[in-house]
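The points are numbered and may be taken in order.

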Amino acid sequence: MFWACLRFPGLAFSAAFAAAPEAGPSALLDQQARQRLIALPNAEAAAQGVRRGQSLAAARALCPALAVRPRDRDAEAGLLAELAAWCYQFSGHVSLVPSQAILMEVGASLRLFDGWPKLVAQLKDGLSEQGHAHTIAATPFPAASWVFAASADGMALPDVDGVRRMLGALPLARSGLPASTVTSLQAMGFRRLEEVFHLPRPELTRRIGRQGVGWLDRLRGEAPTALPAWQPPASFRQTIEFDGELDGSQPLLFPLRRLTRSLANQLAARDGGVQRFTLTLEHARGESTRIVVAMAAPQREAERLFELARTRLERTTLPEPARSLELHADELPAFRPPMRDLFEPIKGDGLDWTTLDERLRARLGDAALKQIELVADHRPERASRYGTPTAKVPPPPQRRPLWLLRRPEPLRHEPAVLLSGPERIESGWWDEDDIRRDYYIVRTPQGQRAWAYRSPEAQSWMLHGWFA
Amino acid sequence: MNAIATPSLAQVLDHPGIWRRSADRQPRVRALPTGWTSLDAKLPGGGWPQGALSEILFEHQGLGELDLVMPALASLTQEHRRVIFIAPPHLPYAPALAAAGVDLRFLHEIQAGASEAAWSMEQCLRSGCCGAVVGWLPADIDYRSLRRLQLAAESGDACALIFRDASYAAQNSPAALRIKVSNSDEATYVDVLKSRGLLTTTAPLLRMRA
């Protein structure tokens with residue numbers, strides 16, 4: 001076993017500032033405390049003297065421009081789960097470490113990814129692209145990986161003795177032991193972990209308790225670490241609440257990009273795709289706006305999902321500003337990447353029909369793309385409709401024109417010749433749309449073949465189609 | 001010495017863009033049989049040119065102009081290749097399409113305004129996944145737009161067919177094939193106005209229907 005630990009020091013910030021990235025000095029507030037205390041300042045705030053545990057008033061006095069937001073543990077858990085989904089593509093065993101780290105077993109996948117240097121490069125590129133600050137380390141012991149990830153980014157040490165030696169050299173403050181334990185050990189004159197490792201076990205237990213000893217055992221791989229394996233969920237629902245209200249599609253693109261990317265991560269984890277998802281915008285008053293994004297075939301690529309959602313969003317007029325955006329997908333069907341015949345020559349840009357269909361829909365709208373369905377109905381205007389053609393309905397035996405006029409109109413000139421007819425069409429009495437017409441194929445003075453009818457009552461000619 | 005491969009003279013002369021008056025064999029043109037034997041016989045390659053633009057100019061609607069392309073479209077859809085109608089002027093009527101042998105599952109219609117029709121047609125042609133794209137484009141479509149369609153058809157190896165009013169017959173066009181459908185003596189005639197790869201320009205009129 002070889003465990004990689006991914007730590008995300010900025011996760012709490014990313015989660016709390018999901019709707020808009022923080023700019024300038026900002027900090028998270030601890031909500032559990034009765035007083036409003038700073039839980040975490042960002043680098044800019046820290047530079048101006050904002051410290052963890054400070055009261056908000058004190059922090060504001062030091063840094064008037066400080067932007068604060070309550071720490072949102074639910075959002076952090078959601079974000080971590082999303083990262084786990086992304087990690088799932090690299091390993092079958094991914095485990096969440098509350099609240100800012102992920103452990104995954106990479107020993108089994110090292111060969112697949114061509115060794116640690118290439119794997120870690122892929123991990124780092126992917127995480128940077130998603131905008132997550134991170135550090136990574138790997139050792140045979142999960143606890144040791146977690147400890148090293150804090151200080152030795154990119155380190156990988158498969159050698160058990162080497163890991164134990166390196167652990168020994170760690171200062172106590174970085175050992176992962178609780179702060180109180182560290183303080184008391186330091187008070188006893190210990191500085192490094194190896195000094196503690198050499199203590200007789202009963203003595204050590206008396207001083208730092210069972211839990212402390214248990215942690216040291218797990219660090220050295222002398223006791224196993226229980227790591228529940230994370231499982232990708234079968235549906236996707238994620239909401240971003242906005243700070244204020246967002247109006248127009250432009251400001252919504254940032255949260256939209258986050259949601260679609262998160263969806264794509266989960267899809268990659270499940271090796272699935274999505275064919276249909278719903279965007280829901282909540283408004284302060286009135287109904288929420290729902291936008292359904294449907295695709296011709298399952299998709300999974302983040303950029304593609306974003307573009308599709310974006311075109312739909314930009315075509316929607318919002319009745320009022322939005323307070324939150326939710327992305328919801330019920331079904332995540334298996335994804336089959338487009339297959340090409342081995343011997344099929346690649347033509348042109350080599351777009352497949354799905355891609356073309358989506359490109360056309362994105363620009364022209366869904367309503368512009370139609371298919372024509374044959375219906376077994378005697379009434380001419382009902383024998384053909386826009387729909388989904390399926391099994392073959394046999395065409396009627398009589399001759400029918402290739403063009404049907406959207407609405408019958410008076411025939412401009414008297415027919416020069418009656419070529420065939422009359423064909424009496426009398427139908428539809430059952431649904432109150434009955435017709436009674438005598439159809440003829442006629443030739444006009446210009447040589448055109450027209451499909452025209454006379455109703456038995458009125459003797460005027462009505463043009464209904466062209467034998468084009 | 002010279003790194004650039006020099007094509008042989010024979011290869012150069014084989015290029016479909018080069019016409020040789022004296023050649024006893026006609027340049028190779030890949031084509032989609034029209035399904036009308038007498039028309040196929042008049043066309044180089046024996047049908048609608050593949051990977052190229054063809055224009056069908058008609059005097060009036062209802063002369064059988066669409067009938068002219070139906071056999072080819074039917075055989076494409078039967079081979080499960082897609083056929084796209086762009087901005088047709090009326091409703092393509094399912095009973096007649098089915099009777100002509102079109103597998104409706106592979107026929108698509110795109111409803112597009114004047115400004116989007118040419119764009120849609122170009123996208124479909126270029127995609128390489130459409131067998132034929134049939135367009136009813138705005139009457140005043142210019143040479144440049146037609147040229148774009150011709151290039152798109154080449155790059156996607158699709159058959160591009162556009163229907164236009166016969167009054168544009170005199171206008172210059174980059175289309176590989178131009179056909180005129182007209183009516184006289186109470187019969188419909190088909191006339192090949194221009195055909196890339198055709199040596200004689202005086203192809204006789206074909207009588208299509210009485």
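Which strands of chain A make up the open sheet of three strands, and in what order do they lie?

1. The order is β3-β2-β4 of chain A, and the pairing in this open sheet is mixed. At the edges stand β3 (37–41) and β4 (67–70) of chain A, each of which pairs on one side only. From one strand to the next the twist averages 40°. It should be kept in mind throughout that the model is a predicted one.

2. Within this sheet, strand β2 (residues 26–30) of chain A is joined to β3(A) by four bridges, and the two strands run antiparallel. A reader who wishes to locate this pairing may look for L28(A), which stands opposite L40(A) in β3(A).

3. Chain A also holds an open sheet of four strands, with the order β9-β12-β10-β11 and antiparallel pairing. Its edges are formed by β9 (236–246) and β11 (289–299) of chain A; each has a single partner strand, so one side of each is left without a neighbour in the sheet. With direction ignored, neighbouring strands of this sheet are turned by 15° against each other on average.

4. Strand β10 (residues 274–283) and strand β12 (residues 322–329) of chain A run antiparallel and are joined by six bridges. In this pairing T280(A) is found opposite E326(A) in β12(A).

5. Which helix lies across the strands β9, β10, β11 and β12 of chain A? Helix α11 (residues 253–270) of chain A does so, and it runs at about 170° to β9(A).

6. The two chains meet in an interface where 49 residues of chain B are in contact with 45 residues of chain A. About 4500 Å² of area is buried between chain B and chain A, and carbon and sulfur atoms give 61% of that area.

7. How many salt bridges does the rule find across the interface of chain B and chain A? The rule finds one. In a salt bridge the side chains of R363(A) and E116(B) meet, at 2.9 Å from N to O. Polar contact across the interface of chain B and chain A comprises 19 residue pairs, with both residues at pLDDT 80 or more.

8. On the side of chain B that touches chain A, two or more residues each come from β4 (82–86), β5 (91–92), α4 (94–99), β6 (107–110), α5 (114–127) and α6 (143–156) of chain B. The largest share, seven residues, is given by α5(B). By kind, the residues of this side of chain B divide into 25 nonpolar, 14 polar and 10 charged.

9. Strand pairing also links the two chains: strand β13 (residues 369–370) of chain A is joined to β6(B) by two bridges, and these strands run antiparallel. Here K370(A) stands opposite E109(B) in β6(B).

10. Two backbone angles deserve a remark. Most residues other than glycine have a negative phi. D114(A), although not a glycine, has a positive phi of about 65°. Its place is the loop between β6 (101–105) and α5 (116–129) of chain A. In chain B, H80(B) has a positive phi of about 60° and is not a glycine. H80(B) lies in the loop between α3 (70–78) and β4 of chain B.

Terms used: Residues numbered from 1 in each chain as written. Chains lettered and ligands numbered in written order. Predicted model: local features only at pLDDT ≥ 70, side-chain atom pairs only at ≥ 80, totals over all residues. Heavy atoms only, no water. Contact = heavy atoms within 4.5 Å. Buried area = accessible area lost by both parts, 1.4 Å probe. Salt bridge = Lys/Arg side-chain N within 4 Å of Asp/Glu carboxyl O. Polar contact = N/O pair within 3.5 Å; in protein donor to acceptor, adjacent residues only side chain to side chain. Nonpolar A, V, L, I, M, F, W, Y, C, P; charged D, E, K, R; others polar. Pairing = 2+ DSSP bridges. Axes fitted to C-alpha atoms, helices over the stretch in contact; angles between N-to-C directions.
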